[in-house]
Amino acid sequence: MSRLNDSNVALAREIIARYPKQKSALIPLVHLSQQQNGYVTEEAMRHIAELINVTPAEVYGTASFYEMFRFEPTGKYLINMCGTLSCALLGAKQLLHHAEHTLGIKAGSTTPDGLITLQHAECQAACTEAPTLQVNYRHRFRVTPADFDQLVDDLRAGKLDNEIPPHGTLGRNRQQIPADRAVGAQHPDDVTSGPAWIEIVPAGGE
Amino acid sequence: MGAHGTYAWAAGYFDDGDRPQIVTSRFKYDDSYTLDRYHESGGYQGLRKALEMQPAEMADEVKKSTLLGRGGAGFPAGVKWGFTPAGVWPRYLVVNGDESEPGTYKDRLLMELDPHQLIEGCLIACYAAGLSQCFLYIRGEMALAHERVAKALDDAYRAGYIGKNILGNSFSVDIVLHWGAGAYVVGEETALIESLEGERGMPRVKPPYFPAAIGLYGQPTIVNNVETLANLPFIAANGSAAYTAIGTETSPGTRMIAVSGHVKRPGVYEIINGTTTFRDLIYGENFGQGIRDGNELKAFVPGGGSAPWFVADQLDIPFEGRQASSAGSMLGSGAVIVMDDTTDIPAAALTLVKFYAHESCGKCVPCREGGTWLYRILERIVAGNGTDADLDTIREVGQSICPGEMPHAASERLGLDAVPFPYKMTTICFVGPSAYVPVHSAMTLFPEEFAVLVTKREVRSMIPVTAAPVGGE
Amino acid sequence: MSDEPDNDLTNEDDLVAADTAVETIPEPDPNAVAITLNGREIVARKGETIIAAADREGEYIPRFCYHPRMSSVGMCRQCMVEVDTGRGPMLQPSCMITVLPEMKVETNTPMAKRAQEGILELLLINHPLDCPVCDKGGECPLQDQTLSHGPGESRFVEEKRHYEKPIALSEHVLLDRERCILCDRCTRFADEVAGDKLIQFIERGNATQVSTFPDEPFSSYFSGNTVQICPVGALTAKPYRFKARPWDLEQVESTCTSCSVGCRISVHSSRDELLRFQGVDTGADSDSVNWGWMCDRGRFNFESIEAGHRLGVPLVRSEAGLVDTSWNSALELARQLIDGASSIGLLGGARGTNEGAFAWAQLADAVGIAHRDAQLGDGLSAELLGVPRATINQAAAANTVILVGPDLKEELPVLYLRLRDAAVHGHTKIIEFSSQSTGITRYAWRSIRHAPGLGPVEIAKTLADPTIAAQIASGDVVLVAGRSNMAVSEATALAAVQAVLSAVPNATVLPALRRGNVVGALQLGLAPVDVDHDALATLRLAAAGHLDLLVLLGADPINDCPDADLARRAIAGARHVISIDTLPSESTQQADLVFPAAAFAEQRGTTTNLEGRVSRLNQKVTVHGTARPDWMIASELASVLGHDLGFTSIDDVTAAIAATVPAYASATPTAIDSADGVLAVNTGGGLPSVEATEAQPSGYDYRLVVSRKLYDRAVSTTMSPSLAKLPIGAGAHLHPADHDRVGEPDGAEVRLVSASGSVVLPLVSDDTVQRGTIWAPFNQAGADITDIVDSSTAVTDVRIERLT
């Protein structure tokens, strides 16, 4: 079942309605499909194309530009090992080698049990806490080889299930705009005047 | 968990001394990100003040504050708002929370630890500049920021701060949280807009696509960095004079700087703009506390991975844009990466070259082809398979990306004078030049480290670039 | 004749202007911008880019991504020049910078040259050195600019980027990603020009590639254009791959006659064999037809001209079927048949040249053929051509375009491109009336659906709507008029056109008739005098056994007449049939005598497009076998019949047309060869009045819509290997909701029953179809939908019977 399921279609429509133009919802909807399926499937891209009225090629063209979208089955936990300068200065390379050894796989692949995908990553915006890694985009700071092994043990034992949702789920909560408070998005062509709170300067003024 | 519990450097830092805290004042609380804490600590008072003013008055206040954009270019925010063409509606606010510059993180902290401050800043900007919808674009890889900002937005909607008739006023605006999906280049404002339109995040050419004139959906659009907006509640609540009282005339207020690498206490510090020097930041007891293990400073990146490097000669330069550029670099996005004397300079440069080559969007040929070429040559050199000819090739490829004289710092050791920033470029945005900057800095300031790597001089046979057609003209 | 009908000096405003001009200094041209280009003062145009201004001044700036017919993206960075707007020279891409007064541009400074050389070196690092085996070698912008502007040598010693060698983007287009320089031309074309966003950049940075969605080919009708605009050999067209080297090609300009848009093309051959057609763009200021674009049908159907099945000798029916004969005996037999006939019908002429049509009309006049028609009951009354005509440019610049006619994307593809461009990039608002979704529906300001037969009613009602009336009143209106549905009668179709003209009397008309030279043939004497002598009347006469001789001039009524049953009975019922054609068709197979005709590119001449634009057809290859041009066959036949048409060469005929047909008075050979051709329009008259019969729903469930797809059983398509696989095949297309109601799976065969017959067709679920209607593509392989169409009834109502 890799098209969006009914509840996600409802969510998708809500997301689409937040934008003045439908195509803006493309990336959020691809995230939604990745949350549902763990990775981005062709069927999901076709479905998203239908929902926002573009071609599947447009969805694919945009989605494949962004690194977080994965087009093949991915581990339940995606571990991204930062290797950019600040982390490199404090042992990122050695940590990556250690991680490969612990998991018995090369960066860029998934453990045979399908639990963990390991990959090299670029700067994760936690440079003071080098070396860092992210598990499903949740940071781990100042990681030692021992920390890494403990992390893997904890993931395998399911100890982090509450803290780290499966790959594809970005935030455990989503924005919910209350209908009674929402202003609502308008297509830019349908907006003909300035906002109510702005005093309109008469023509020739200023 | 607040900054205290998560970040070693935060312990004691926010309670220590009487440094001004404009944007990090709540970081000391474990519940800094909640609406309750925000209310208790003066939250949404700036918005209330703003709503008592005419929008134009509020905009003027921001202009008078000379609040500089914190995304990297350092352009005054109030002036940027003024570039929107008169009478063209709708206009949008796009919040640039796609922070990904190597060495930099402050926007992530501001979103995770004080999301309401950012939201209040967005509201003040929308009110002042007549922006009728706000899109808060958060870098995809920041799951916690997504959760915290989403919760804060929900709370603020329910509390009447966002949405229809805010605080009973005619002011009405939606703030939509938007997820990025992993692409450094999207931090560039026109690429950010492309991405928000559901496109590949490839920068647009300026001119004509200056967002203030032709931005999101072709409409006037203000793109502001998270930290920039986070300053607005303070300015609205206390007035521009209180803001300009801090720092210098050209660089007022404070700014957040991440100091990472080989310092004893790496951390993200709110410093006084314009007067604090790199020496203060790296060696000061309140900040980095000096080089680790008693080692010597070798070099530092003064403004995020794309900034030309400084060495000890430049330690006394303050965080002031003009002084940094005449010294051959830039302050960029507020990130200092410190390298001590154990650092393998070519290998360090390689990580940054790799970063920018990897992050090229592929639009401009010099960046797409040149960045990768630089990376491959340097990788070969670092692996011990380079030749001196490779060093010339790096400079030549660099010239194809940044023609003319390339900025660099002065070095007394080498007898080098500074070449001021900026460089010329053949690309649309700064990603391409940024792939050349680190290797250029490294080769210029530490030539001896490359010389030992490239001992083999090979006269390579030149390869004709294209075969002439058989029987052609 | 000019595009602008109103440019004489007799109008009052102009006289005033001319008068005052004597005394006052002329105002400076508000559209002129003075800039300095390489030290020279030039006058550029407001709003144009530096590269466009430089092109006009003959200063060539190297470029790859820039294309004058598409938006600038500033992607390849090859066109970097130094621009000084008062703040010192800055390196800027000349395709992105708009000229400003007092701007100084230097294209050849050391800084600019260094930048240009640098880009070329970078473009070449990953480009394979396979020029000697590359189709583009010899006409490759990358190769040419490397030789003229490039560094000469590469310092690149790393491994080049590798990809699997060519992958098919579509049936026609192959992509070699190693050669691709990612200029965004093909992808931009698909998006901006064709509106078929089926190819995209995928991945990022150094890994960026052009790609389709997996398993969804670039099935655009315009895919061949991407090959033509590719600045390297990355995109190649299957029909041309490895066939020739550019320096072996000979070429001549001509006009495509695959449909009546009349695209300007160049015809390429080698060793007397046609190898490819390319679109020609005479420039932004002058090109008024196709802007360099073509559809794939026009681009690739030259294969049929080289097909092995061409008719090469005259054929005569014997007991053994059609057998070869000599021209002399064929002409003699034709003379006997004509002389012996008391009633003759002449159908066709719309696929050939002006000269062929004119010569045959002269012959018909001489012999006294009363029944003649260049259309086959599948078009609209020739009187449509008497209504004040619009040009394509006028339509594309009009405030409002009203469409009452065929799906332009299917029938007149490049007109579709022009109107799509007008709606998307211009200010034109399109109001479309149709019985199903069409290619233009997405771009229409209003797209109004009506049940087949109820067009006139719906049009009158819609045009009276205040919003729509206000739009129409706000500026000029062009009506694009043709036949949208061949399952309604021509009278019903004509009534719809009339409904528009009565509501908008000032509208000018662009006739959307399809066959290549249908307008020329109708204007040059092959139009019926009245409905009693048109194609359907002729066929009815023949079917009733009252026609002695039916002459088919490049016409195949069995496949092209919407009433196939009538056509079959007519050919069987006519005492004798003479066919003049290039390729065998169902109709030629039943003829008594077949003359082989010269095909496109085998003869010189002229053609008239739907605007009335007369343009040149040129010969590029030798005529197949003993085939002869239509005009020559007419001339020789006239001669054996004792008439002298007075033609000894094609130019005699062209001259005779200019001398005798008033609309063509300016169409002298010299004028025709000018870049823009000559407009030949004979206005006057107007539409015959037709009673708009309001065809109300009957007891049947569905009302039938029959219309053409671009690819059908036309011989030029089926005889072109590249196109032969593309027709969708016969079927009964139903709206998904109606489809569910039938309760049969997609593809299941059902019987469609109308008052006049029944046919078994597979069901196809199709959301472009309106509820309550069945749409069936015309002239497709499979059972013939026209078997259940009766040309004498206003609409065709149908019910569906399950076979199980």
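Predicted model: local features only at pLDDT ≥ 70, side-chain atom pairs only at ≥ 80, totals over all residues.
The bounds of the domains I shall mention come from an automatic or database domain assignment. With that understood, chain A is divided into domain 1, residues 6–63, and domain 2, residues 77–157. The C-alpha centres of these two domains of chain A lie 30 Å apart.

The predictor gives the complex an ipTM of 0.96 and a pTM of 0.94. For chain C, the average pLDDT is 93, and 96% of the residues score at least 70. There is a stretch of chain C to read with care: over residues 1–22, pLDDT stays under 50. For that stretch of chain C, the model has twelve contacts beyond four places in sequence.

I turn now to chain A and its partners. How many residues of chain A are in contact with chain B? The number is 58, and they meet 73 residues of chain B. Three elements of chain A give two or more residues each to this side, namely α2 (26–37), α4 (56–63) and α5 (85–88). The largest share comes from α2(A), with four residues. By class, the side of chain A that touches chain B divides into 30 nonpolar, 16 polar and twelve charged residues.

Chain A also touches chain C. Here the contact takes nine residues from chain A and twelve residues from chain C. Which element of chain A gives the largest share of the side that touches chain C? That element is α4(A), with five residues. On this side of chain A we find four nonpolar, three polar and two charged residues. Chain B has 18 helices and nine strands. Its radius of gyration is 23 Å, close to the 23 Å that the globule rule gives for 473 residues, so chain B is as compact as a globular protein of that length. Along the principal axes, the C-alpha atoms of chain B fill a box of roughly 75 × 65 × 35 Å. Of the 473 residues of chain B, 65% count as buried. Among contacts in chain B between residues at least 6 apart in sequence, 73% join residues at least 24 apart.

Chain B is divided into domain 1 (20–244), domain 2 (246–342) and domain 3 (344–460). Taken over C-alpha atoms, 26 Å separate the centres of domain 1 and domain 2 of chain B. Where these two domains of chain B touch, the contact takes 24 residues from domain 1 and 23 residues from domain 2. The residues on the domain 1 side of that contact in chain B divide into nine nonpolar, eleven polar and four charged.

Let us look inside. The largest nonpolar core has 479 residues, and B:C122, B:F300 and B:L374 touch the most other members. What does B:L374 contact, leaving aside its neighbours within four places in sequence? Its contacts are B:V353, B:A357, B:I394, B:V397, B:A435, B:Y436 and B:V439.

Finally, chain C. Chain C has 26 helices and 35 strands. The radius of gyration of chain C is 28 Å, close to the 28 Å that the globule rule gives for 804 residues, so chain C is as compact as a globular protein of that length. The C-alpha atoms of chain C fill a box of roughly 85 × 65 × 65 Å, again taken along the principal axes. Of the 804 residues of chain C, 57% count as buried. Among contacts in chain C between residues at least 6 apart in sequence, 72% join residues at least 24 apart.

I close with one residue of chain C, namely C:G612. The place of C:G612 is in the loop between β27 (605–608) and β28 (613–617) of chain C. Is C:G612 buried or exposed? A residue is buried if 20 or more other C-beta atoms lie within 10 Å of its own. C:G612 has 26 C-beta neighbours inside 10 Å, so C:G612 counts as buried. Beyond its neighbours within four places in sequence, C:G612 is in contact with C:R389, C:V519, C:L679, C:A680 and C:V681. By way of a distance, C:G612 and C:Q770 are 158 residues apart in sequence and 34 Å apart in space, C-alpha to C-alpha.

Methods
Residues numbered from 1 in each chain as written. Chains lettered and ligands numbered in written order. Contact = placed C-beta atoms within 7 Å. Nonpolar A, V, L, I, M, F, W, Y, C, P; charged D, E, K, R; others polar. Rg over C-alpha atoms; globule rule 2.2 N^0.38 Å. Buried ≥ 20, exposed ≤ 12 C-beta atoms within 10 Å, placed from the backbone. pLDDT = per-residue confidence, 0-100. Core = buried A, V, L, I, M, F, W, Y, C linked by C-beta atoms within 7 Å.
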